[in-house]
Amino acid sequence: MNDQSFKPVTYDPSNVLIEGTGLSASELTKLAPRLVAARDEVLADLEMVNTGATVPSAKQPLDAGFIDLPDRLLAAYRSDNDASEVGRIISAAQRLGEMVDRFVVIGIGGSYMGARSLFESCCHPYHNELSREARRGKPRMYFVGNNVDNDDTQGLLDVLGRGRRADGAGERWGVIVVSKSGGTLEPAVALRQFLSFMRQSLGDDQTLLPKLVIPVTGRDSNLFNLVTELGCDAIFDIPDNIGGRYSILTAVGLAPAAVLGLDIVKLLEGAAAMNARFRTASPGENPVLDYVGVCHLMEAQRAATIRVMTVWSQGLEALGMWYDQLLSESLGKDERGATPLTAVNTRDLHSRGQQHQQGRRDKLITNVVLDEFKREPLPVGSSGLNQDNLNAIAEKTMPELMSAAINGTKRAYREDRRPTADIHLPRSDEASIGQLYQMLMLATIVEGRLIGINPYGQPGVEAYKKHMKSILSGEE
C-alpha cells in the first residue's frame, strides 16, 4: 500500500465454501484465469481512454476514467497543492463552510448518494442536532433534488427559513448542486426553487448569492451555463469519461465531504491503495477479484440472483444504498444482473432475518463488518432493577454484543447451509471508506467484462426521463 498509516480492507469468503449450496475451492481456482483476463480488459479500457484511442462501438460508452482518478488527483495535489483540483475543492469548501450554518446538496442518483454515504459513515450520527461548537464549526447538511416530493421539499424550505431575526433576515445557508448533464429534471427543478428561496432570504445583499453556490457539472451542460450566468466563481467539473454512479471520488463527493471537514486526501489515499492491490495481487489475495469470483459463481451456478449487503453499523446504510444503485444500473441489462439489497443488522434480523434464514436459497449475503468502533465501548451496565435479567452480562459492552450477534448469525446460516462472505472495514473512516468505494466500483466493471455486459451507461433510465418530459410538455 502507498500509505501504511491505515489498515487494509479485507474480504473473507470462507463461509461460502459449503458443499452443495455454496462453492468449492476448486471452482474458484478454475475461474481465476477468467478473472485475470477481465482485469486485463478493464486496465486496457483505461489505457484506451487515457491515450485517446478510438473506442469500438461495442464498448461505448466507456467511462473508465474513474479508475486511476484517485492516483491522478493525489499526484496533482502533492505537486501543486492549492492550485490542484483537490486544493481548489478544499479552499471552496472551507469558504462555504465558514459562511453558512446549513448547506443543501442538490442531486439525484450517483450525484447525491455517495455524498450521503460519506456523511452518514464518517460524521457524528446526529451531526445536524449538535451545536456549531460540537460540529467543530462545520455546517449542517441536507439533501434535496433526489425526488419530486412536494411535502419533503417544502419541509426543508421550512427548516432553512427558521431563525429569522427581527429585520426579517434568515440564517445563512448554501448549496452544492450536482448534475453532470444539467438536464435531469429533479435536481434542475430543486435548484430553481432553492435559488428563488435563497434570493428572498438574502434580501438586499444579492451579491452573496453566487458565493453561496458550489456547482459540480459538465462543461457543456445547461447547469454550467446557468451558474456561469449566475456568476459562480467556484465551478467544478465532472470529467467526460466518468459516469455519475462512478463519480463519488470527483468533486461530486469530495466537495460535500470537504465542507463537512472530512479528510478527502485520506479518502483518495484509501482508493489509491485499493487500486494498487487490484492491479498487482493474484486471485486469492485480491479483494476485488475474489469478490467478483464469489458473486459471479454463486449467481451462475447456485442461482443466487439476490445479493444482500448486510451492514453491521447503522452509519453504513447509505453506503449500501449507494452500492445498490451502482450494481443495479451497471449490470441490470439484457434481462440479466443480480438484484442488490441492503440490510442493517442487528435491526433487520427482526424483519428480514427469518426470510434470509429459511426462505428461498436465492441469496448471497455479504456482511460488512467494522473491526473497530470510533467511540469507547459502552457497557450494558448493572442495575438494581434486574427484572430484565441483564445483570449477568452487565460488564459486556456494545461492541461485544455486536460481535456475538455477527458470529451467532453466521453460525446459524452456516448450520442451515446458507453461504455468507465478509468484508472487513478497519474503521468507519475516510481511509477505509475510500478503499471500499474503489473496491466495489472496480468489482462492478470487472464483473461486467466477465459476463459480457457493458457496465457503463443506463439506457433504461433514459427511457423514463424521455416519457416524463413528454407527459409534462403535453405531447401525450
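**Cavities, pockets and helix packing**

By class, 4 nonpolar, 4 polar and 2 charged residues make up the lining of the largest cavity; here Ala, Val, Leu, Ile, Met, Phe, Trp, Tyr, Cys and Pro count as nonpolar, Asp, Glu, Lys and Arg as charged, and the others, Gly among them, as polar. The model is predicted: local features need pLDDT of at least 70 and side-chain atom pairs count only at pLDDT 80 or more, whereas totals for chains, interfaces and linings use all residues. Residues are numbered from 1 along each chain as its sequence is written, and side-chain values use heavy atoms, with hydrogens and water left out.

The largest cavity has a volume of about 50 Å³. A cavity is a set of points, on a 1 Å grid over the protein atoms alone, where a 1.4 Å probe fits but cannot get out; a pocket is an open set with protein on both sides within 12 Å along at least five of seven lines, and lining residues have an atom within 4 Å of a point. Grid points are joined across faces, edges and corners, and a volume is the space filled by probe spheres set on the points. Residues that line the largest cavity include T310, N345, D348, R352, H356 and Y413. In total, the structure holds 4 cavities of 30 Å³ or more.

The second largest cavity, with a volume of about 40 Å³, is lined by G183, T184, L185, E186, Y464, K465, M468 and K469. Its lining divides into 3 nonpolar, 2 polar and 3 charged residues. Both α6 (185-202) and α15 supply at least two residues of this lining, and the largest share, 4 residues, comes from α15. Helices (H or I, at least four residues) and strands (E, at least two) are DSSP runs, numbered from the N terminus.

At least two residues of the lining come from each of β4 (173-179), α11 and α15 (459-472), and α15 gives the largest share, 4 residues. The lining comprises 8 nonpolar, 11 polar and 6 charged residues. As for its geometry, α15 has 14 residues and reaches 21 Å from its first C-alpha to its last, close to the 20 Å expected at 1.5 Å a residue; the expected span is 1.5 Å times one less than the number of residues. G474 follows α15 and has a positive phi, near 80°.

The largest pocket has a volume of about 1,400 Å³. Its lining numbers 45 residues, of which P125, S313, Q314, G315 and R375 lie nearest the centre. The elements that give two or more residues to this lining are α4 (113-122), α11 (317-331) and α13 (398-415). By class, the lining has 21 nonpolar, 10 polar and 14 charged residues.

Two helix pairs complete the account. Helices α2 (residues 69-80) and α9 (residues 264-280) pack at an angle of about 130°, with their axes 8 Å apart; axes are lines fitted to C-alpha atoms, for helices over the stretch in contact, and angles run from 0 to 180 degrees between N-to-C directions. The two helices α2 and α9 are therefore oblique to each other. Helices α1 (residues 25-51) and α14 (residues 430-451) pack at about 110°, with their axes 9 Å apart, which makes α1 roughly perpendicular to α14. Angles under 35 degrees count as roughly parallel, over 145 as roughly antiparallel, 65 to 115 as roughly perpendicular and the rest as oblique.
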